[in-house]
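The notes follow the order in which I checked them.

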Amino acid sequence: MDALDRVVKPKTKRAKRFLEKREPKLKENTKNAMLIKGGNANLTVTEVLKDIYAVKKPFAVLYKKKNITRPFEDQTSLEFFSKKSDCSLFLFGSHNKKRPNNLIIGRMFDYHVLDMIELGIEKFVSLKDVKNSKCPEGTKPMLIFAGDVFDVNEEYRRLKSLLIDFFRGPSVPSIRLAGLEYVLHFTAVDGKIYMRSYKVLLKKSGCKIPRIELEEMGPSLDLVMRRTHLASDDLYKLSLKQPKALKPKKKKNISHDVFGTTYGRIHMQKQDLGKLQTRKMKGLKKRPAEKSAEDGGVSPKKSKSA
């Protein structure tokens, strides 16, 4: 039996709670991200990792020590850190002569690398360089993607899915208007990806609906796509598979149209409309002759009392 396949039994209540937290769930927790600095990361890459950590908090872990690894050649160290910190997303930063100011964004499935995309930083404006007010920590962002290439090209389509996974934050049951205060905008044009961050300002408009203004907040990144490592279609479909308990049960005689309107079909027994009770009016009252005709004969006359 391999040492990794052994069943670890908790010895304390704290260890038991820790292992229960990591067990598979019907509704998974908010995905955490680990931000790792490569062995030769420069100041620009370090600042980018710090700013992304500030945006992603509290669902992120920042490793401050340098880690000498190359994710496209060997992924074992990434998988080790993923299992150690219980993170299914990662951002790895490095810098060398061949690939300067390099970022690798990726995600895990069952603690193994599912897909990752390498991006090069061409321009960077830090959070501290923009002197406007910032959003509070843990604010859920609104994500906007502009550019047809995000829907046409398979690599850009997978990058869009990856960015949504990375920045979406926790799932919420309801939305408060005042809570919509942070926008992350991604634009893909001419082979480049522009990431911009804005704070939403609600101004007076003289009516119930406020006037919206966007104020640049930072960080701001101009990126270019380099190498990609995408999962096969079969593995990607397997990672998207939902448990049976979460799939909605099909209800009989209920259908929906393209607009989401619900239609129901009711099955009833055949009705005798002749016995249907209508509104009582003198004009609709049946005469004795009509009643006797319906009964199939003339009703006998009442005998006079002696």
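**Salt bridges**

I started with aspartate 165 and lysine 31, whose side chains meet in a salt bridge with N to O at 2.9 Å. The two are 134 residues apart, aspartate 165 in helix α5 (residues 154–167) and lysine 31 in the loop between α1 and β1 (33–38), and the pair links distant parts of the chain. I note that the model is a predicted one. Aspartate 165 counts as buried, at 12% relative accessibility. Lysine 31 has a relative accessible area of 26% and is partly exposed.

I then took lysine 57 and glutamate 137, which form a salt bridge with their closest N and O atoms 3.7 Å apart. I placed lysine 57 in the loop between α2 (43–56) and β2 (60–67) and glutamate 137 in the loop between β5 (112–125) and β6 (142–146), so this pair ties together parts that are 80 residues apart in sequence. Lysine 57 is partly exposed at 26% relative accessibility, and glutamate 137 is exposed at 54%.

Next I looked at glutamate 118 and arginine 227, whose side chains meet in a salt bridge at 2.9 Å, N to O. Glutamate 118 lies in strand β5 and arginine 227 in strand β10 (residues 220–229), so the pair ties together parts that are 109 residues apart in sequence. I found glutamate 118 buried, at 0% relative accessibility. Arginine 227 is partly exposed, with a relative accessible area of 31%.

I also checked for shared partners. Salt bridges of that kind join Lys31, Arg107, Asp115, Glu154, Arg157, Arg158 and Asp165 into one network. My pair of aspartate 165 and lysine 31 is therefore part of this network, since a salt bridge is a side-chain nitrogen of Lys or Arg within 4 Å of a carboxyl oxygen of Asp or Glu. The count for the model comes to 14 salt bridges.

**Buried glutamates**

Glutamate 79 is in helix α3 (residues 76–85). Leaving out residues up to four places away in sequence, I listed Met108, Tyr111, His112 and Val113 as what glutamate 79 touches.

I looked up glutamate 47 as well, and found it in helix α2. Glutamate 47 is buried, with a relative accessible area of 16%. With residues up to four places away in sequence not counted, glutamate 47 touches Phe124, Ser126 and Lys128.

**Surface patches**

I noted a patch of positive charge on the surface, where Lys13, Arg14, Lys16 and Arg17 gather. Arginine 17 is found in helix α1 (residues 13–22) and is exposed, with a relative accessible area of 53%.

Which residues form the nonpolar patch on the surface? I recorded Leu177, Leu202, Ile212 and Leu214, with about 380 Å² of accessible area together. Leucine 214 sits in strand β9 (residues 211–216).

**Backbone**

I returned to lysine 57 for the peptide bond to proline 58, which is cis with omega about 5°. Proline 58 is in the loop between α2 and β2, the loop that also holds lysine 57.

I then looked up positive phi values. Tyrosine 111 is not a glycine but has a positive phi of about 60°. Tyrosine 111 lies in the loop between β4 (102–109) and β5 and is partly exposed at 25% relative accessibility. Tyrosine 111 is also one of the contacts I listed for glutamate 79.

Asparagine 253, again a residue other than glycine, has a positive phi near 60°. I placed asparagine 253 in the loop between α6 and β11 (254–256). Asparagine 253 is partly exposed, with a relative accessible area of 39%.

**A pair far apart in sequence**

How many residues along the chain lie between leucine 238 and phenylalanine 109, and what separates their C-alpha atoms? The two are 129 residues apart along the chain, and I read 9.4 Å between the C-alpha atoms. Leucine 238 is in helix α6 (residues 233–239) and counts as partly exposed, at 46% relative accessibility.

Methods: Residues are numbered from 1 along each chain as its sequence is written. This is a predicted model: local features need pLDDT of at least 70, side-chain atom pairs count only at pLDDT 80 or more; totals for chains, interfaces and linings use all residues. Side-chain values use heavy atoms; hydrogens and water are left out. Helices (H or I, at least four residues) and strands (E, at least two) are DSSP runs, numbered from the N terminus. Contact means heavy atoms within 4.5 Å. Patches are made of residues with over 30% relative accessible area and no salt bridge: like charges are joined within 9 Å, nonpolar side chains (Val, Leu, Ile, Met, Phe, Trp, Tyr) within 5 Å. Accessible areas come from the Shrake-Rupley method with a 1.4 Å probe; for residues, only the protein chains shown count as cover. Lys and Arg count as positive and Asp and Glu as negative; His and the chain ends are not counted. The place of a charge is taken as NZ of Lys, CZ of Arg, CG of Asp or CD of Glu. Buried means under 20% relative accessible area, exposed over 50%, partly exposed in between (1.4 Å probe, protein chains only).
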